[in-house]
Amino acid sequence: MDGNVTISNLEKFYGEGAERTKAIEDLSFEIDGGEFVSVVGPSGCGKSTLLYLIAGFLDASTGTISVDGTPIDGPGTDRGVVFQDYALFPWRTVFENVTYGLEEGGVPKDERQATAQRYIDMVDLDGFEDKYPKELSGGMKQRVALARTLAYEPKILLMDEPFGALDQPLRESLQDQLIDIWGDLEKTVVFITHDVEEAVYLSERVMIMTRHPGTKKMVTEVDLDRSLPREEIITSDEFTTTKNAVWKSLREETRTEVRP
Ligand SMILES: Nc1ncnc2c1ncn2[C@@H]1O[C@H](COP(=O)(O)OP(=O)(O)OP(=O)(O)O)[C@@H](O)[C@H]1O
């Protein structure tokens with residue numbers, strides 16, 4: 001399947017001279033096409049930096065990132081980013097936000113309207129097409145942002161703590177919606193989160209990063225049947241065991257004092 005991401009010996013420095021900081025240290029990692037991978041790590045370990053490097057918003061200092069064998073060279077429509085703060089255009093309606101990327105890509109009007117409607121329906125926002133972002137709740141705004149990104153049909157979805165600003169019930173409903181969409185569209189997803197439970201609930205693999213400068217510490221496989229209801233998943237032994245293993249590994253990176 002398309003959408004393979006290969007990260008090889010990646011390093012990223014910010015700044016120059018005395019201000020120079022190493023944000024990512026010698027990170028290598030392979031993500032298969034269609035796979036859902038979450039990335040967790042202590043604050044400041046370089047999660048967003050990693051995501052923006054894959055997006056092509058930032059250049060690697062050393063190493064490469066390839067998509068389906070081709071090294072990336074800046075942003076491309078094969079990769080779509082969803083941000084925590086939605087980044088919607090306030091002066092455009094829901095419909096106009098979702099058609100934005102298609103207009104930019106020169107897609108003919110009839111086709112972009114049909115495509116936008118398909119993704120608006122997929123995120124359950126039919127009936128809200130003419131609303132402006134300020135008229136929507138946080139969860140609805142994030143669904144618009146997701147539809148806008150899906151509309152130009154990237155192979156890879158890069159999500160930077162997309163549900164971080166939402167309350168728990170809303171977060172859970174968006175998680176379930178994302179799992180359904182991922183199942184239907186078979187996209188590669190790289191999902192940044194602070195929330196261990198969210199990472200384990202959503203992903204096939206979780207990458208835990210070390211503290212600053214960040215690199216791959218541990219990768220955990222998550223073997224859950226996502227067709228089961230949430231209650232059954234989160235009370236299963238596999239979920240609890242995996243969550244505890246990820247939490248423990250993360251905790252080793254975040255605690256400053258080691259108790260006997
Ligand atoms: N534009 C920049 N200029 C200089 N340093 C930066 C810049 N952006 C990030 N950094 C530094 O790089 C490191 C990694 O930052 P990054 O935002 O990627 O971490 P993060 O894991 O996403 O953090 P958080 O979980 O708190 O959002 C941090 O030490 C940060 O201070």
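1. The shell around the ligand holds 3 nonpolar, 9 polar and 1 charged residues. Here Ala, Val, Leu, Ile, Met, Phe, Trp, Tyr, Cys and Pro count as nonpolar, Asp, Glu, Lys and Arg as charged, and the others, Gly among them, as polar. This is a predicted model: local features need pLDDT of at least 70, side-chain atom pairs count only at pLDDT 80 or more, and totals for chains, interfaces and linings use all residues. Residues are numbered from 1 along each chain as its sequence is written.

2. The ligand is surrounded by 13 residues, each with its C-beta atom, placed from the backbone, within 6 Å of the molecule. Tyr14, Ala23, Ser43, Ser48 and Thr49 are the closest. Strand 2 (21–31) and helix 1 (47–55) each give two or more residues. Helix 1 gives the most, with 3 residues. Helices (H or I, at least four residues) and strands (E, at least two) are DSSP runs, numbered from the N terminus.

3. Now helix 3. Its buried residues are Arg112, Thr115, Ala116, Tyr119 and Ile120. They lie on the same side of helix 3, because they cover an arc of only 135° around the axis. That arc is taken from the directions from the helix axis to the C-beta atoms. On the other side, Asp110, Glu111, Ala114 and Asp121 are exposed. Buried means 20 or more other C-beta atoms within 10 Å of a residue's own, exposed 12 or fewer, and partly exposed in between, with C-beta atoms placed from the backbone.

4. Last, Arg251. Arg251 lies in helix 8 (residues 237–254). Arg251 counts as exposed because it has 11 C-beta neighbours inside 10 Å.
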